[in-house]
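Please read the points alongside the coordinates.

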Amino acid sequence: MHKKLLFLAFALFFIPKSYGQLNVSYHQSNLPFIAVGYDINERFTPEFRLGTDQFISDLSLEAVLNYKFIRKEDYDFYAGLGYRINISEGLVAPVGLNFYPFNKKKFGFHIEAAPILLDADILRGSFGIRYRFLKN
């Protein structure tokens with residue numbers, strides 16, 4: 001029960017207070033998921049992630065706050081902390097790289113490693129695509 005309240009508090013506190021750039025991504029891995037994030041200033045990105053396995057009963061929710069340690073025009077390197085509920089529940093600590101090889105810098109790719117600790121003890125590796133809704 002406490003974990004679900006913490007997850008809800010994260011959702012209510014961080015997302016409505018945010019301002020910046022919206023982004024969406026798909027992560028392919030043994031635990032695939034889609035994510036919606038919102039850049040707060042140039043460094044912080046809270047993300048809500050939804051596990052996208054085959055059955056609706058297997059859906060998992062994840063909330064992560066990422067910090068971009070290196071932020072360049074073509075790439076950024078980030079690490080974060082969050083929590084995952086339902087399947088493979090536990091503390092999540094992602095470390096990843098986003099890169100934007102095209103001229104417009106809206107569409108890009110990413111790779112991520114994320115240990116899921118406490119109840120799960122899993123190291124999830126993923127790769128995928130990302131789209132940023134940049135302001136002109």
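1. Phe 99 is partly exposed, with a relative accessible area of 31%; the term covers values between buried (under 20%) and exposed (over 50%), with a 1.4 Å probe and protein chains only. Phe 109 is likewise partly exposed, at 27%. The model is predicted: local features need pLDDT of at least 70, side-chain atom pairs count only at pLDDT 80 or more, and totals for chains, interfaces and linings use all residues. Residues are numbered from 1 along each chain as its sequence is written, and side-chain values use heavy atoms, without hydrogens and water.

2. The whole structure holds seven aromatic pairs (ring centres of Phe, Tyr or Trp, the last by its six-membered ring, within 6.5 Å; planes under 30 degrees apart are stacked, over 60 edge-to-face, the rest tilted). In one of them, Phe 99 and Phe 109 have ring centres 5.9 Å apart and planes at 35°, so the pair is tilted. This pair links distant parts of the chain, with Phe 99 in strand β7 (residues 95-99) and Phe 109 in strand β8 (residues 107-117); strands are DSSP runs of E, at least two residues, numbered from the N terminus.

3. The rings of Tyr 131 and Phe 133 form an edge-to-face pair, because their planes stand at 75°, with centres 4.9 Å apart. Tyr 131 is partly exposed at 30% relative accessibility, and Phe 133 at 42%.

4. One aromatic cluster is formed by Phe 99, Phe 102, Phe 107 and Phe 109.

Methods: Helix = DSSP H or I, 4+ residues; strand = E, 2+ residues; numbered from the N terminus.
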